Amino acid sequence: MADIADTGPQESERLPILDFLVVRPPRAVDPGVLRRSYIRDDLIVLFDKEAVRKDVELQVADGPSEIGKLVYGKVCCEGLPPSDKAMESLFQVLLTLLTPRVAASCHEGRSEYEPLDISELERHAHLKVGDVYYVLPDTIEQILGVPVVGRLPAVLTVLRTAAARTGKLPPSFPAQVESALGGANIVQTVYDGPVHSGWFGEAKRALFDALYLLYILRRWCPLDLSPIIDGLRALHVLEHMATQPLVTTEELGTLLVAKPVVHPMFAKLFRYCGTPFNEIRPVGVADLKVVKQWLVGYRDGEISDIHNVMLGELKKRHHRVLSKTEDVFSSTSEEENETTTDTGSTTRFEVKNECERVVKEQLGANANLSLSYGQAPSVVVNIGGGFTWSRSEDRTDKAALNFSQDVVSKAVSRVQSRTVQLRSMTKLHEVEERNEHEFHNEKGKGHVSGIYRWVDKEYRAQVFNYGRRMMFEFVLPEPSAFWVQSRLRQHEAELPCPRPPDPPVLKTVQLPFTPPDINPTYFAGLQQKYGLSGESYPVMDKRVTLVNAETNKAMFSREGIPRDRHLIVDTYQARVEGLDGFVVEKVRPAGRLQYRAVDKIDGPDSGQTAWFDRNLFHVTMNGWDLLRYDDSTHPTSHHLLVPPHNDVAPADGPVPPAVGPKIPVEGDLLTLSFAHQDCTDYHLAITLILRRSDTALAAWQQKIYSAVFAIEQKRVDALNQEKELDYRSRSIDYRNQVAELSAVPVAELLRGGPEAVNRETILTELKRQCLAMISKEFDADHVDDVLTGKETMGGRDFQADTTRVKVTEVKDEPTCVTFYNGPRTVTYPLPLLGPARDKGKHIQFLEQAFDWRQISYVFYPYFWRVPERWVELSGRTEATDPHFEAFLRAGAVRVLVPVSPQYDDSVEHFLCTREPWFGGDSPVIGDSLYLPIHEELRKQQDDRYHAEPEGEPWSFIVPTTLVHLHASQHALPDLVAERAKDADKDKGKQQQKDQQPSVPKPAPNGWTHPAAVRP
């Protein structure tokens, strides 16, 4: 055994952690204290003429509890396994203890149900099955049928009022409680002689049954158990007051927070009656023997390679790896526009005169005959006849003016625009790796042969016996599965994973105005911003006096017009320029019109006069009515003066036409037609008041809008082109980075660390899978999970006062950096006390109940997994640690898990009920299951703690892929010698320290240490 001591851990390497802690067992707990802190379902009954406190028996068919009999019969007698169907069957049984109710409006014809007041659903928890409601007894008021229970609300009010004070209870306190009980004596209410009274027993039974019922039904609906628990606490106080007086409010407060103990039959349900939580069983109890191994040193192994260099030889080896990517971008744009316009004009004018004469003649004749009879026999005959003739003549003179104009636009204008842009960008990405290896023997003394040998690891192994243990054995699938996935996910998180570039958000032209918004002020701004020097805001109003094209004068006149009753039409040409797009709003004539006297012709009958003359003057422009005067009321010759610049003509003058519809002006040559009758001469000047038409203005506004849009579009196109080129460039970078990441072999990511770290990794993964087998946590099925999804950490927001850096940037000034304190909301991660306590109880039990440091295991090959995984598992390697390589490649593993001493029964209880620590709290100091912290730390750090070596140690060799040069001046390290040397050095330091005399430290405030005082 000496060689083991030489190569194993030295005593100086073992740290005395927490050796100073003195552990002492606590004193036994007073049963009276337990009685005050817990409310049990029990009664005091006579047994052999003595009063004995006895728990109520619920596991019998004829017990006092109705819910106890139902649950016992359903769970234990029928033997239903825990499943959804079993829970549903139990749910239907429990509904028989409740009163079914239906809404009042649905109660007609359903006498088997009681009517339901809908307000009850707001005050109490309830279940709904179909259209039937079950109101749950979650308040004391619902159990008022029991006499004592009916008084408990008043009793609770008195108790809570008294407990709110501090100090001693007043002497009147018992009287106040009895008053709340309706004047009944407390002792007589609780006891009937030496045993509990029937009233008290009935009240306790009713409240405990309600608690049991609600305890189970809370699986189906959320409810509050506190009202029923408060009722039990009130009974608990009455029972205590009936045996001994209460003195202080502190004693009363202790009784008012006592916890009722729920019977295990309701707490564990199906698992309490024989169906275990977990059906795994230990393989037996035997001596735990574990093989421990440790690294002794390194040895040269077989030859791996030989390099020969002859005398005078120079051997060079160049290795070059080049990755090159070249991208060329080119963009070309071309634009060509051509416009052709052809404009022409043709005008035709026709005048037609028609004369129509109609002669009408009418001839008529009639005759009649009548007979009448009188009273006497007589007959009267009347005969009559008549003849008429009439002749009339109508004469109508018609004048028709036909005007037409054909317009053909043919202004030849050819505009050609061509724009060509060519842009090229070349991007080169090149990565080169050069390795140069040279053997130089030009000036040597002989030939050289370099021999490289593999390096082997030498291990020493020993069997250690840990004593008799109960053991569990598991065969677990693919032990490295989670570790491999975690390493891959970690690699993903740590990598600067490239993100694909976002597609460019191409800009679009969004002008902040519309064509109708272009007014003179807005146009001035656009003209300055966009350089619209060739454009100007159009003139909106014009005043034009028409000029006769023949005389070149602004007067249209004619004299000596011959007398003719027919319509006479004079045609003139008036030339104007720049009136396209204008419309005539007003006409202002000026001049004189001369009419002759009206002729009178006598008709066939005396006294009749026929007027044949007509004073008419009608002016049209391009076929549009411009002026019209038509008046036949003047019998004499007269002339009409048309005042200039007057919109309203005199009563006998021509009336200007209405403003609308507007008269359009098209072309530079206007055709005026003067149609007149009975006019001897006229001299007329015509002035037009014009305004640019809405259509022409809208066309100009659209033109300016299009010009601005084209300028903006050109600018935006240039920006978009830059974005697209940048996007293509970033896309190439992204693809190159992805190619580099894809070239990383997965096997390189699964390399282990030092041998000790690898051992911890293996133990942790095996422990997790064994815990999944034992606790049914951490597995693929989440139905049985209790701890996995229970979050024990929460958050709380605080206004933290933190120091921050403020950077102030001012134009043309140095950047200023200052610090300031400012509050900000910070969420602190804090524990959730309730879930943390519950989960911590399970964690502590599962960590201490099994000796995880001493598990034994053996890996099975990859083919015990599905064939789809064979290629990946068999391809994993770990050159420096064959043991870890076996872990990575294993398809299954056989694990032997020992139970910690004295935990055999508690582990069996956990497998049956899933309750750690026998269903109670964690053990305290002095308990047989209590494991001191220093013991737990020692077990984690010293894997040979409480172990005895057994048999002789042995050595074995493990090959590696490391290479060592044979006969090198640097020998492989000898770990045994290094450890012995370090041990001797530490031993010398300790001896030197022990030989130094101890010097007392100076005491504070001038006080002298007693050891420094000499006699």
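This is a predicted model: local features need pLDDT of at least 70, side-chain atom pairs count only at pLDDT 80 or more; totals for chains, interfaces and linings use all residues.
**Entry 1: nonpolar cores.** I looked up the largest nonpolar core and found that it has 68 residues. Those with the most contacts inside it are Val 71, Leu 159, Phe 173, Val 177, Leu 238 and Leu 252. Helix α9, residues 198-217, supplies the largest share of this core, with 13 residues. I also noted a second, separate core of 36 residues, which includes Ile 280, Ile 774, Tyr 903 and Trp 917. In soluble globular proteins, nonpolar side chains tend to be buried together.

**Entry 2: Leu 159.** I then asked which residues Leu 159 touches. Setting aside residues up to four places away in sequence, I recorded Phe 173, Val 177, Ala 234, Val 237, Leu 252 and Leu 256.

**Entry 3: an open sheet.** I traced an open sheet of four strands in the order β19-β27-β23-β24, and its pairing is antiparallel. At the edges stand β19 (568-575) and β24 (624-631); each has a single partner strand, so one side of each lacks a neighbour in the sheet. From one strand to the next, the twist averages 10°. I followed β23 (residues 615-621) and β27 (residues 669-677), which pair in the antiparallel sense over six bridges. Phe 617 stands opposite His 676 in β27.

**Entry 4: Thr 249.** Is Thr 249 buried or exposed? Its relative accessibility is 9%, so Thr 249 counts as buried, the cut-off being under 20%. I located Thr 249 in helix α11, residues 249-256. Leaving aside neighbours within four places in sequence, Thr 249 is in contact with Ala 162, Ala 163, Arg 165, Thr 166, Gly 167 and Leu 169.

Terms used. Residues are numbered from 1 along each chain as its sequence is written. Side-chain values use heavy atoms; hydrogens and water are left out. A nonpolar core is a set of buried Ala, Val, Leu, Ile, Met, Phe, Trp, Tyr and Cys residues joined through side-chain atoms within 4.5 Å. Buried means under 20% relative accessible area, exposed over 50%, partly exposed in between (1.4 Å probe, protein chains only). Helices (H or I, at least four residues) and strands (E, at least two) are DSSP runs, numbered from the N terminus. Contact means heavy atoms within 4.5 Å. Two strands pair if DSSP finds at least two bridges between them. Axes are lines fitted to C-alpha atoms, for helices over the stretch in contact, and angles run from 0 to 180 degrees between N-to-C directions.
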